[in-house]
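Please look at the sequence and the model below before reading on. The text then takes the fold, the core, a pocket and a few residues in turn.

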Amino acid sequence: EKFLADKWPNEKRFGLDGCEVLIPAMKNIIDLSIAAGVESFIIGMTHRGRLNVLANVACQPLEQIFCRFNAHEDPKHEGSGDVKYHLGACTELPDHATGKKIKIAVVA
């Protein structure tokens, strides 16, 4: 979050300020759900914390997330002014305890 603030000071940001427990809580919920037999997760959420969830829960590469902040991006692909926070992702990751593949989707 500090990197975003330093690198793109004029961009809107919706960080986790005041809700830092979100990422470890989501990871714990996912771990407990996997132990109970859940195989996929669909996450719908507001803008606040979305980039952190994409990076730390859905394991999206930071380069892929940060490229949306580059000023040279063609405006016709941007849609609304806060499109950076409309990013979504769908990924398959191995569960760290069992190695079993789980599906995680963050809806745009």
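The paragraphs below go from the whole chain to single residues.

This is a predicted model, in which local features need pLDDT of at least 70 and side-chain atom pairs count only at pLDDT 80 or more, while totals for chains, interfaces and linings use all residues. Residues are numbered from 1 along each chain as its sequence is written, and side-chain values use heavy atoms, with hydrogens and water left out.

The chain has 4 helices and 3 strands, taken as DSSP runs numbered from the N terminus (helices H or I, at least four residues; strands E, at least two). Read from the N terminus, the order of elements is α-α-β-α-α-β-β. Of the contacts (heavy atoms within 4.5 Å) between residues at least 6 apart in sequence, 61% join residues at least 24 apart. The accessible surface, from the Shrake-Rupley method with a 1.4 Å probe, is about 6,800 Å², and 57% of it belongs to carbon and sulfur atoms. Among the 108 residues, 35% are buried, where buried means under 20% relative accessible area, exposed over 50%, and partly exposed in between (1.4 Å probe, protein chains only).

In soluble globular proteins, nonpolar side chains tend to be buried together. Here the largest nonpolar core has 22 residues, and Ile30, Ile43, Val53, Leu54, Val57, Ile102 and Ile104 touch the most other members. At least two residues of this core come from each of H2, strand S1 (40-43), H3, S2 and S3. Such a core is a set of buried Ala, Val, Leu, Ile, Met, Phe, Trp, Tyr and Cys residues joined through side-chain atoms within 4.5 Å. Beyond its neighbours within four places in sequence, Leu54 is in contact with Cys59, Gln60, Ile65, Leu87, Gly88, Ala89 and Val106.

Asn52 sits in helix H3 (residues 50-56). Asn52 counts as buried because its relative accessibility is 19%. Leaving out residues up to four places away in sequence, Asn52 touches Glu1, Leu16, Ile23 and Val57. Gly15 is 37 residues from Asn52 in sequence, with the two C-alpha atoms 7.7 Å apart in space.

Arg48 is in the loop between S1 and H3. Its relative accessibility is 39%, so Arg48 counts as partly exposed. Not counting residues up to four places away in sequence, Arg48 touches Phe14 and Gly15. Arg48 and Phe14 are 34 residues apart in sequence, yet 4.5 Å apart from C-alpha to C-alpha.

Most residues other than glycine have a negative phi. Cys59 has a positive phi of about 55° although it is not a glycine. With a relative accessible area of 45%, Cys59 is partly exposed.

The second largest pocket has a volume of about 200 Å³. Of its 13 lining residues, Ile30, Asp31, Val57, His96 and Ile102 are the closest to its centre. Helix H2 (22-35), strand S2 (89-94) and strand S3 (101-106) are the elements that give two or more residues to this lining, and H2 gives the most, with 4 residues. A pocket is an open set of points on a 1 Å grid over the protein atoms alone, where a 1.4 Å probe fits, with protein on both sides within 12 Å along at least five of seven lines; lining residues have an atom within 4 Å of a point. The volume is the space filled by probe spheres set on the points, which are joined across faces, edges and corners.
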